[in-house]
Amino acid sequence: MSCYYCEKPATGMEHVPPQSFFIKGQRDGLISVPSCDVHNQQKSKDDEYVRAVLLSSAKLDGKEQLAPLFEVHLRALNRAGEQIPGRLKNEEDFQKFLEIEEKFKDDHAAGMKSFSELAQAGIGTGLLGLLSVDYRDEVIFDNDGNEQQTISYAFDTKRFNNFFKSMAKGLFFHEADWAWLGKVVLLPHSFLREEASEDEKFISKHYSSQLVRDDAKGDHKDVFYYDVGTELDSSGKEILRYVVNFCLYDTFEFTALLESKYFVASPEPR
Ligand SMILES: [Zn+2]
């Protein structure tokens, strides 16, 4: 068997999406694909990172069905937090640490906010600290024109994109039974920037509307569902691209375009 990503000899199996994205006790019927060492073990830190980014998003507020995942997420953050005292250099650091813990103790995003503040205070927080280094307070205006306090995180876009491109390749392999070695263009619909161009918004809307929960595949749709399709050229004979649509946590929608002729996706705006 060969790796879903690079076609080198496979040494194991890789879950797509990773097993840790699913709720314990609800992990039957998960997709797995053959993988080489490089595209398996080395990815596990990215898995943790991306899961933490998604589960920290305010977009998931109120999703009761995901409660067990939030618990796991908070435990992971707490574990990382427990290692922090060993990294505190002096009494001043220690005081800062206690202060921050107290400040966020009842907040569901406590971990993220704490890590960010610790990182800003110059206290090392390891991998999970990476998540929140660039967090900042922001004021936005709601629909009624009222000021709302919120926060935003900058995340590691490259790492994030690579993770989802790998996932798209895994899903493609699962469906097609061969590895896609060509270009992958990722459209992270739920993370489209406010200032994106009209074209970008049009393309995003075009593809995100193709994924319909009820028609999509996936045994645990609260966590994940997807479909894989093709787009043909005007003669209807040649495949222009494969389209891998997927949604995580019923919230985060993505399309990956597997460009067979290295075309840039550009449906005609109407
Ligand atoms: Zn590989």
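I started with β7 and strand β8 (residues 252–259): eight bridges join them, and they run antiparallel. Next I looked at the hairpin of β7 and β8, which has three residues between the strands. There, Y249 takes a positive phi near 55 degrees.

Then I turned to the other neighbour. This is a predicted model, and in it β6 pairs with strand β7 (residues 239–248) through nine bridges, again in the antiparallel sense. V228 has V244 in β7 as its bridge partner. The hairpin of β6 and β7 has six residues between the strands, and G236 takes a positive phi near 75 degrees in it.

Is β7 mostly covered or mostly open? I found that eight of its ten residues are buried.

Stepping back, I traced the whole sheet: it is open, has four strands in the order β5-β8-β7-β6, and pairs them antiparallel. The edge strands, β5 (183–187) and β6 (224–232), each pair on one side only. Ignoring direction, neighbouring strands of this sheet are turned by 20 degrees against each other on average.

Last, I checked confidence. The chain averages a pLDDT of 83, with 80% of the residues scoring at least 70. Strand β2 (residues 31–35) has the highest mean, 97, and helix α5 (residues 126–129) the lowest, 53. Over residues 263–270, pLDDT stays under 50. A reminder to myself: where pLDDT is low, the predicted coordinates should not be read in detail.

Definitions and conventions:
Residues are numbered from 1 along each chain as its sequence is written. This is a predicted model: local features need pLDDT of at least 70, side-chain atom pairs count only at pLDDT 80 or more; totals for chains, interfaces and linings use all residues. Two strands pair if DSSP finds at least two bridges between them. Helices (H or I, at least four residues) and strands (E, at least two) are DSSP runs, numbered from the N terminus. Axes are lines fitted to C-alpha atoms, for helices over the stretch in contact, and angles run from 0 to 180 degrees between N-to-C directions. pLDDT is the predictor's confidence in each residue, from 0 to 100. Two residues are in contact if their C-beta atoms, placed from the backbone, lie within 7 Å. A residue is buried if 20 or more other C-beta atoms lie within 10 Å of its own, exposed if 12 or fewer, and partly exposed in between; C-beta atoms are placed from the backbone.
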